[in-house]
Amino acid sequence: MAEFDGKVAFVTGAGSGIGRGVALRLAREGADVCVSDMDLDAAHETSELIQNEGRKSLTVRANVASETQVREAIAACVSGLGRLDYIIKPTIFCSYVRVPKFILVIFNQFCMFCLLVFSGL
């Protein structure tokens, strides 16, 4: 059994480079992936590669510097893939967070850190 079987991951910058590599690795490990990037053509290419791995994929356009775009992209992910378990933001400082009870995701203006607010923690 793969580590991410049945899980859904939201990956920013997944249209190319490290983001694409992370998204593909997650798919190979059993995750369905929401591919987020500002370049929709590149994001669609990544999404096709994920589907070729036998996983579901959804493409969304989002600038992580815009809280509104991030909220809309995450809502589309949950609506399209049915849930959200991980948010992964591969930057020079790669970070991921598991999302057990997700309320709100806020990305700061420098797009360096992802901050989650959890209920009861």
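Q: What does the accessible surface of the chain come to, and what percentage of it belongs to carbon and sulfur atoms?
A: Accessible areas come from the Shrake-Rupley method with a 1.4 Å probe, and for residues only the protein chains shown count as cover. Here the chain's accessible surface is about 6,600 Å², with 54% belonging to carbon and sulfur atoms. This is a predicted model: local features need pLDDT of at least 70, side-chain atom pairs count only at pLDDT 80 or more, and totals for chains, interfaces and linings use all residues. Residues are numbered from 1 along each chain as its sequence is written, and side-chain values use heavy atoms, leaving out hydrogens and water.

Q: How many helices and strands are there in the chain?
A: Helices (H or I, at least four residues) and strands (E, at least two) are DSSP runs, numbered from the N terminus. This chain has 3 helices and 7 strands, in the order β-α-β-α-β-α-β-β-β-β along the sequence.

Q: How is a pair of aromatic rings described?
A: By the distance of the centres and the angle of the planes. Rings of Phe, Tyr and Trp (its six-membered ring) pair if their centres lie within 6.5 Å; planes under 30 degrees apart are stacked, over 60 edge-to-face, and the rest tilted. The count here is 1 aromatic pair. The ring centres of Phe4 and Tyr86 are 5.2 Å apart and their planes at 75°, so this pair is edge-to-face.

Q: Which parts does the pair tie together?
A: Phe4 lies in the segment before strand 1 (8–12) and Tyr86 in strand 4 (residues 86–89), so the pair ties together parts 82 residues apart in sequence.
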